[in-house]
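Here is a friendly note for anyone opening this model for the first time. Have the sequence and the 3D view side by side, and take the points in order.

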Amino acid sequence: MSTVPVAQRKDFWRNFDIQYHATHPGLRHMKNNMWELPHWMHWLGGVLVEHGYDDLQVVDLYTEPNAFSEPGRLAGEVVEAAARAHPADVYLFSPMTVNLYYAYAISDVVKRVHPGAVVVYGGVAATPLAHEVARHLSVDYVVVDRGERALPALLDALAGGGDVADVGNLVYRRAGGATARTSRRYPDLMPADIPFPKVDLFPPGTGEDIRYLRQVYALGCPYKCTFCTIQTIGRRPEYFPLDRVIKEIRAYQKHYGDHHSIYWGDETFTLHPEYTLELLEALEQAGDIRYDCQTRLNCLTDDRILRKLKSSGCQWVEIGLETGFQESHETHKHHMKLDAVRDTLKRVRDAGLAACSFTVNGFPDQSPDDMRRSIDWVCRLLDEDLLQATYLFGLVPYPGSAMFEHPERFGMKLLHRDFRLYHEDLPPVFATEKAGPDEVYEVFLEGLDLFARAMDKPPYFGDAPPPSTADEYGTFWADPHV
């Protein structure tokens with residue numbers, strides 16, 4: 001995701017970074033602010049190679065230091081040079097919502113430099129906005145939902161002169177300008193049948209640009225949080241074979257550096273205890289894999305899981321607390337009972353695991369004072385060493401979420417569809433009867449300051465860095481792209 005310059009982020013990220021590094025001995029500072037590899041690219045790369053499309057290249061503008069002539073504006077000459085240096089028959093894009101603007105700009109350059117090239121979009125933003133994206137003149141096709149079947153079928157049709165109307169999961173622009181979706185819909189490919197990823201899409205040196213290696217054990221999440229966009233990978237979790245998972249980890253570490261820990265991208269890593277225990281046993285047997293995971297509070301009730309997380313190499317558990325108001329959880333998150341927070345976090349701490357919360361500001365059923373009380377609640381959890389750190393994001397009704405599709409159900413009024421501003425560090429793009437965007441954003445900025453102070457203390461897991469190196473932490477905060 002593109003970043004924005006927010007002055008309050010400086011101390012926030014610095015102190016967050018110190019807490020994070022304390023629990024990850026040997027972690028290196030990122031050379032470039034990439035955070036992680038785009039897992040979907042390696043995944044679909046493996047699918048394409050399996051189908052005979054093995055001439056693949058990556059156009060990396062993210063770590064290009066001159067890609068932005070100024071915040072919010074791509075450097076046209078840099079993009080054009082990259083397009084000329086990477087001629088191709090087909091260009092694939094999978095932007096997040098806030099990056100649609102940049103993806104369109106890059107697509108425009110591609111079409112100008114290579115008029116005969118085909119531009120295909122897909123992913124979490126393109127799926128719910130498929131018809132809108134397909135109307136952009138530099139976009140030829142949009143693959144909706146998961147692309148393991150649709151993308152090879154589309155490339156086969158293009159290469160063989162077939163009718164794209166026979167390809168499933170596809171939205172495209174007809175000759176008259178109207179868009180259409182093909183009638184066929186492919187079933188999702190089971191994880192065991194997904195080809196091994198093309199690990200070496202990026203050069204090995206890219207390993208210096210990232211914080212961790214993202215890995216996936218299960219695809220899908222059964223929960224229906226109103227602000228989530230899980231629709232592209234499904235509601236029912238399906239699991240990869242264990243030997244495949246370990247093999248992927250080893251392949252990524254071999255190529256990008258075995259010093260990297262793993263970040264499990266499963267939305268709810270500890271959802272099914274028996275599946276989780278099987279994986280944790282395999283990780284424990286491996287003996288040298290260190291990892292972070294994310295899950296829900298109500299999925300941390302099994303003491304077997306807590307014990308095994310620690311012994312299998314877990315260093316950091318991220319928990320979606322979001323807000324301190326039970327009423328908001330009843331509406332937006334479900335199955336979250338806040339009266340269990342302190343007890344659960346104590347058991348996580350007693351198991352030797354550092355906990356970090358996801359905190360979200362701006363729920364539409366809260367007044368600014370309610371939001372402040374929620375931030376104060378998280379600050380107390382930090383003060384009590386029940387949390388080692390916390391994120392703070394502004395609420396964004398992303399396309400594909402229930403909030404975007406039906407904002408009126410939640411007392412929200414969307415103010416515009418300028419997706420450049422659908423960013424977790426910018427003022428909200430909606431208003432409610434309880435608060436306007438400026439009021440909500442004021443609380444957000446206050447929250448960044450309060451959390452920065454709450455995290456400005458010796459880590460309760462791990463060692464604080466020497467004072468002489470403190471300024472090395474959180475330097476990625478000042479990388480403005482918007």
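1. Where is Asp-385 found? Asp-385 sits in the loop between helix 12 (368-383) and strand 15 (389-394). Please keep in mind that this is a predicted model. The phi of Asp-385 is positive, about 60°, although Asp-385 is not a glycine. Because its relative accessibility is 25%, Asp-385 counts as partly exposed.

2. Asp-145 is worth a look next. Its phi is near 60°, again a positive value in a residue other than glycine. You will find Asp-145 in the loop between strand 5 (141-143) and helix 6 (150-160). Is Asp-145 buried or exposed? With 16% relative accessibility, Asp-145 counts as buried, because the cut-off for buried is under 20%.

3. Now for the sheet that strand 15 belongs to. Six strands form an open sheet in the order 8-11-12-13-14-15, and their pairing is parallel. Strand 8 and strand 15 are the edge strands, each pairing on one side only. On average, neighbouring strands of this sheet are turned by 25° against each other, with direction ignored. As background, strands of a sheet pair through backbone hydrogen bonds, either parallel or antiparallel.

4. Strand 13 (residues 314-322) deserves a point of its own. Nine of its nine residues are buried, so strand 13 is largely enclosed by the rest of the structure. Strand 13 pairs in the parallel sense with strand 12 (residues 291-295) over five bridges. Within that pairing, Tyr-291 has Cys-314 of strand 13 as its bridge partner, and Gln-294 stands opposite Glu-318 in strand 13. Strand 13 also pairs with strand 14 (residues 354-361), in the parallel sense and over six bridges. There, Glu-322 stands opposite Thr-359 of strand 14.

5. How do you get from strand 12 to strand 13? Follow helix 9 (residues 303-311): strand 12, helix 9 and strand 13 make a right-handed β-α-β unit. Ser-311 lies in helix 9, and its relative accessibility of 39% means that Ser-311 counts as partly exposed.

6. Which residues have the most contacts inside the largest nonpolar core? They are Phe-16, Trp-264, Leu-283, Tyr-291, Leu-309, Leu-321 and Phe-451, in a core of 105 residues. Helix 14 (residues 437-454) gives the largest share of this core, nine residues. Apart from this core lies another one of 35 residues, including Leu-61, Leu-74, Val-78 and Val-142.

7. The buried residues of helix 7 are Arg-244, Val-245, Ile-246, Glu-248, Ile-249, Tyr-252, Gln-253 and Tyr-256. An α-helix has 3.6 residues a turn, so residues three or four places apart point the same way. The buried residues of helix 7 pack against helix 2 (39-50), strand 8 (213-215), strand 11 (262-264) and helix 8 (273-286). Just after helix 7 comes Gly-257, with a positive phi of about 125°.

8. To finish, look at the antiparallel pairings around strand 6 (residues 170-173). Strand 5 and strand 6 pair in the antiparallel sense over three bridges, and Tyr-141 has Tyr-172 of strand 6 as its bridge partner. Strand 6 and strand 7 (residues 179-181) also pair in the antiparallel sense over three bridges, where the bridge partner of Tyr-172 is Ala-180 in strand 7. Which glycine in the turn of this hairpin has a positive phi? In the turn, Gly-177 has a positive phi of about 105°, and five residues lie between strand 6 and strand 7.

Key. Residues numbered from 1 in each chain as written. Predicted model: local features only at pLDDT ≥ 70, side-chain atom pairs only at ≥ 80, totals over all residues. Heavy atoms only, no water. Core = buried A, V, L, I, M, F, W, Y, C linked by side-chain atoms within 4.5 Å. Buried < 20%, exposed > 50% of the residue type's maximum accessible area, 1.4 Å probe, protein only. Helix = DSSP H or I, 4+ residues; strand = E, 2+ residues; numbered from the N terminus. Contact = heavy atoms within 4.5 Å. Pairing = 2+ DSSP bridges. Right-handed = clockwise from strand over helix to strand, strands pointing away. Axes fitted to C-alpha atoms, helices over the stretch in contact; angles between N-to-C directions.
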